[in-house]
Number of protein chains: 6
Amino acid sequence: MSDRHVVVRSIDRAAQPDIDALAAYGTATVHEAIGRRGFLGPDLRPIQDGISITGSAVTVSCHAGDNLMVHAAVEICMPGDILVVTTTAPSTHGMVGELLATSLVARGVRGLVIGAGVRDMGELRAMQFPVWARCVSCEGTVKASPGSVNIAVVLGGQVVEPGDVIRADDDGVVVVPRSEAARAVALARARTDRETATRERLAAGELGLDIYGLRATLAALGVEVVERAER
Amino acid sequence: MSDRHVVVRSIDRAAQPDIDALAAYGTATVHEAIGRRGFLGPDLRPIQDGISITGSAVTVSCHAGDNLMVHAAVEICMPGDILVVTTTAPSTHGMVGELLATSLVARGVRGLVIGAGVRDMGELRAMQFPVWARCVSCEGTVKASPGSVNIAVVLGGQVVEPGDVIRADDDGVVVVPRSEAARAVALARARTDRETATRERLAAGELGLDIYGLRATLAALGVEVVERAER
Amino acid sequence: MSDRHVVVRSIDRAAQPDIDALAAYGTATVHEAIGRRGFLGPDLRPIQDGISITGSAVTVSCHAGDNLMVHAAVEICMPGDILVVTTTAPSTHGMVGELLATSLVARGVRGLVIGAGVRDMGELRAMQFPVWARCVSCEGTVKASPGSVNIAVVLGGQVVEPGDVIRADDDGVVVVPRSEAARAVALARARTDRETATRERLAAGELGLDIYGLRATLAALGVEVVERAER
Amino acid sequence: MSDRHVVVRSIDRAAQPDIDALAAYGTATVHEAIGRRGFLGPDLRPIQDGISITGSAVTVSCHAGDNLMVHAAVEICMPGDILVVTTTAPSTHGMVGELLATSLVARGVRGLVIGAGVRDMGELRAMQFPVWARCVSCEGTVKASPGSVNIAVVLGGQVVEPGDVIRADDDGVVVVPRSEAARAVALARARTDRETATRERLAAGELGLDIYGLRATLAALGVEVVERAER
Amino acid sequence: MSDRHVVVRSIDRAAQPDIDALAAYGTATVHEAIGRRGFLGPDLRPIQDGISITGSAVTVSCHAGDNLMVHAAVEICMPGDILVVTTTAPSTHGMVGELLATSLVARGVRGLVIGAGVRDMGELRAMQFPVWARCVSCEGTVKASPGSVNIAVVLGGQVVEPGDVIRADDDGVVVVPRSEAARAVALARARTDRETATRERLAAGELGLDIYGLRATLAALGVEVVERAER
Amino acid sequence: MSDRHVVVRSIDRAAQPDIDALAAYGTATVHEAIGRRGFLGPDLRPIQDGISITGSAVTVSCHAGDNLMVHAAVEICMPGDILVVTTTAPSTHGMVGELLATSLVARGVRGLVIGAGVRDMGELRAMQFPVWARCVSCEGTVKASPGSVNIAVVLGGQVVEPGDVIRADDDGVVVVPRSEAARAVALARARTDRETATRERLAAGELGLDIYGLRATLAALGVEVVERAER
């Protein structure tokens, strides 16, 4: 961050095979695998069920109520990127709609993650353009205030650096630092393998209490087991 | 507004051709076309995707937790109307359910916009009765306090006068003053024409930066463009 | 409630025929029938449309950010039960996901009501496992703090005792005290019968004003009826 | 309201004696006296205890994150006025601080009511400049977007017309339509007289149940009075 | 709870010496001492700093927007009682003001805990009448709907039974079950004694890490201690 | 950030003269001077009026509902430091009270900034220990989950690095990157000098419209100035 406003044209991205490999794992798995980090919070919701994207973050920092810098960012986007839009103060404006989505699709952008509102929901859903947003709003923006593209931004309590990997699905959005993408794939794969084994045991009726060894934990914490409640 | 409680039986409505014509334009377009006014805020959400209505507002002002005046309003509604229900203090009660919806349908009412809760979601969706509401709640209301029908009300930070045109779709609800309906149609049409041309250019890969002449704006605001971030 | 942490293994449940009979009535009807009680508030939303469950509450009280006691509760659940999970302070963590849901399904549990978050939405929906939750979140929990299973808990401003009947559908969740289940069925049936008759009259164009005798109420409250608004 | 942006220089105000007379009555009294209208909601809080102002509204409508129109409004203010600032979408920016307050004091403005944030709390309190605001925030605004001065605005669910009388104290802010100021004084005086008599009776141990005749209401509503709870 | 509305005139209270003894301990101490229970949540705030009360709960359940049952409750209050007011759905109304406070003072009531709003803040503060409330609001209520007095109510996620002991101070409100009052005094005293010793050690520069033996916990949890951050 | 949990014992701090110099400028001035950055949002409020601190951040990242790492952090604090406590998911627990404050005072810590709750308000105020927090809550925490000390944390949408300068007063909290402390002092001084000159002109009756040259802006934006509103 800086007190200048800047558009950074070229950023480093993670290796494409790692990005593609991450797409095989859900956001909750990725979040857990990398040490319970990177979840952008429960307020960023998909605008329709079943959408799922993985790609490189192009970040935008806008003044609230102003989408000028989103336009500046479109030019910087490369195929496979995901636009991550933030505002310097809370905003419920509909900052992006069908026209900007059309432009993003033309650039090969895979989706939008935005800490404010979107509009033209009917059109966005019909286009099947994947969006995670805080709200839906008709409220229009101006194009009058400076901001930045491809600087580190904060969204949902997480730092997103340009080029970080964004993974988003029905559970929300997770950011993986660019330099950790390969490791995240390995960790997610390992976790998934473990979970597959656990799932089979649970489906067969075994208990998490036994699988995870939690009976000892309960006892150590002083939790009493009684057959009936006292009256 | 007044300190009396009153039910006004007859109101003026916009010309039906103008109301019907507005139905061709989405709420975001209408909101923008009339000067970024009239959006009833992101908290009023449709109870199912893809519903869309246009009609004349019959307004209701209720005491919180009391739906007596909704019943009084039903009698006043004409075919093509939209019931707009407000409370004098915030309320999450389920003020309207399947029975009132049945009654509204019988009156030819096109839908409901309510600054509180609704209930019987399964039935309302099965009936395909269009509703925009703040929340869903089983919580019942009483019928014990006075209120008014067809007075000016405030909902989502906007004034709705009886007879104003309501336009609602997946993006939310917009109100157009009755006297501006014809002008709103013309403005929405003009905006849509402009957007159609812009959409084609954006789809072909042109940038909003160029189409809207925003490069000069960025420069004037002192936004620097750099190839790489400094380290 | 108590200052000890306890897991109660055996609880009394309502008679199965009463539980099954309640499933025929929507939550709003049940809530109204038992005297406008038991609604767990508008914040507990179903994770998909059209799901509906009825069963006996197994209650869980967890420390925020900790799902240890959910694991302890799974063992206690019987076929037909519904798990009701609360936290002792507000939490947005994703406390339950696909693995725990798999375990609950293996126990014959009919669904989950949780005053915090869930995750693995895609999987939960694919499994058709019914869940009512406050939010969706990837955020992981620990298994390190004591809590209780099958004590009285508070959720959405309502007390849920173990063995109470839970009824949940598109409108949300309602709790019926165990000892009142039979009476609730009778009351819900009576209300439904009345509503069926009323629905027919409303559909035929009669007004609630007349059916409920509200014209006298309006007059007694001093609500004036005028033909036209004064200017 | 209109789709043009306009600064209206001259407005009508209520008669000064009526404005001064209203200052003798608290906001709750005024709100009740005029028919439970005009309260601008619980979110507008005074920045210090014990401040109280009465004056004529000069209204401002700003784009969120932009205080340009506040500057435009200062010039229009007359001694005895109260500045009422709104934004066209929710904003938490600190739109007004010590410098603007200094300017407002120089114009004889009695205080500020703002549906967004203020800053320089230490200085504002030291100046004893009365402010009712939604929040306190350092966050700065730009001066780049058009808006209006002295048009009807909506704040806290109430319409404020330029020249309306603003009454604000520890309970919050109430607006009285300009044309009703004299009547509001009479109504508030009558209510206060009644309350004085009631206060004496209550202080002497009489009950509201008896003074207001509520025992009959309770009986009519079917509220049972029992000596002891059933077990 | 029940589907009838009832006013229970006589309730059991804790022994007065126990109530008085609890007044010596802060709410946080009491909450901790009885097993981290009974805190009515961070939304119930005192209307002025430094107020502190202890007494027996007289409970009220009101319909939202209606204070009829508060009047019914005043008659039931005894000297030393604390009125605990709840609504069956969320409400921001100013349900209690100076007149009701005057009446409560005349009955010897020690204070008010209310899950909605109050008004006449200036007068309440001048009277030094202790109040914990969710908000301040001029908004008036009606007296038209039934409710109950001295039934179990839920406030801030806690059950309050009539006759329970209420302890309130700058930190908020804590409820102690009536039957546990004596034990709560003993537990609070023991905790306070321990804390006094700990405070002295901490003030002398000892660390909680050592006093509570947390270094082993950190090590067991795998927290690494490093001299310098890696770059 | 990392998926390990770590306590970093030694951090770099800004030069003490720069830290001390910043204390002369209010948070709003500092925030503006460094380019409208660093404000930790309107939700972090001081627990009493008139408190003001400046110092170096020692950062803490805790699991929600767990204050173990706060204890770990105390040992790391040096005289002049400010403890900055965050949680990995939202929490309203009272994580810090009088005992921890006593310990912090013994270490020479100047104050606490915490993105959750505090308790023992009466004692904290009596100690005059400066705290900025999200809420006040009795709710107790456990000491069972790992976290980190002196890693980069996010609070109120801002990144705080260990050793950054914290400036807090009645307006809230601002963070200045450690490496920019000297520059921030110079910028704040320059801004203050400019504001002093402006304040005098405003106090003398000059208008911001003229001082800032905003009349041209209004004209360029198409804002019309009219003498009277049209009817």
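Student: Why is the meeting of the side chains of Glu227(A) and Arg9(C) called a salt bridge?

Tutor: The rule asks for a side-chain nitrogen of Lys or Arg within 4 Å of a carboxyl oxygen of Asp or Glu. Glu227(A) and Arg9(C) come to 3.6 Å, N to O, so the pair passes the rule. Before we go on: this is a predicted model, where local features need pLDDT of at least 70, side-chain atom pairs count only at pLDDT 80 or more, and totals for chains, interfaces and linings use all residues. Residues are numbered from 1 along each chain as its sequence is written, chains are lettered from A and ligands numbered from 1 in the order in which they are written, and side-chain values use heavy atoms, with hydrogens and water left out.

Student: How many salt bridges cross between chain A and chain C?

Tutor: The rule finds 9 of them there. That interface also has 17 residue pairs in polar contact, both at pLDDT 80 or more. A polar contact is a pair of N or O atoms within 3.5 Å; within protein, one must be able to donate a hydrogen and the other to accept it, and residues adjacent in sequence count only if both atoms are side-chain atoms.

Student: Which element gives the most to the side of chain A that touches chain C?

Tutor: That's H6(A), with 6 residues. Sorted by class, this side of chain A holds 16 nonpolar, 7 polar and 15 charged residues. Nonpolar takes in Ala, Val, Leu, Ile, Met, Phe, Trp, Tyr, Cys and Pro, charged means Asp, Glu, Lys and Arg, and the others, Gly among them, are polar.

Student: What makes chain A and chain C count as touching?

Tutor: Contact means heavy atoms within 4.5 Å. By that rule, 38 residues from chain A and 40 residues from chain C take part. The two chains bury about 3,300 Å² between them, with 57% of it on carbon and sulfur atoms. Buried area is the accessible area (1.4 Å probe) that two parts lose on being put together, summed over both.

Student: And how far apart are chain C and chain D?

Tutor: Their nearest C-alpha atoms are 13 Å apart, and the chains do not touch. Chain B and chain F have no contact either, and their closest C-alpha atoms lie 13 Å apart.

Student: What makes S13(A) and S1(C) a strand pair?

Tutor: Strands (E, at least two residues) and helices (H or I, at least four) are DSSP runs, numbered from the N terminus. Two strands pair if DSSP finds at least two bridges between them. S13(A) and S1(C) have 3 bridges and run parallel, so they qualify as a pair. Within this pairing, Val225(A) stands opposite Val7(C).

Student: What does chain A do against chain B?

Tutor: There, 40 residues of chain A contact 38 residues of chain B. Leu99(A), Val136(A) and Cys138(A) supply 18% of the area that chain A buries against chain B, more than any other three residues. The salt bridge count is 9; one of them links Glu230(B) and Arg4(A), whose closest N and O atoms are 3.3 Å apart. S1(A) pairs with S13(B) in the parallel sense over 3 bridges, and Val8(A) stands opposite Val226(B).

Student: How do you know how chain A and chain B are related?

Tutor: Copies are superposed by least squares on the C-alpha atoms of residues with pLDDT of at least 70 in both. A rotation of 120° with 0.0 Å of shift along its axis puts chain A on chain B, at an RMSD of 0.0 Å. The two copies are therefore related as by a three-fold rotation axis.

Student: Why are Arg191(C) and Glu195(C) separated by about one helical turn?

Tutor: Because they are 4 residues apart in helix H6 (residues 181-203) of chain C. Over all chains, the whole structure has 108 salt bridges.
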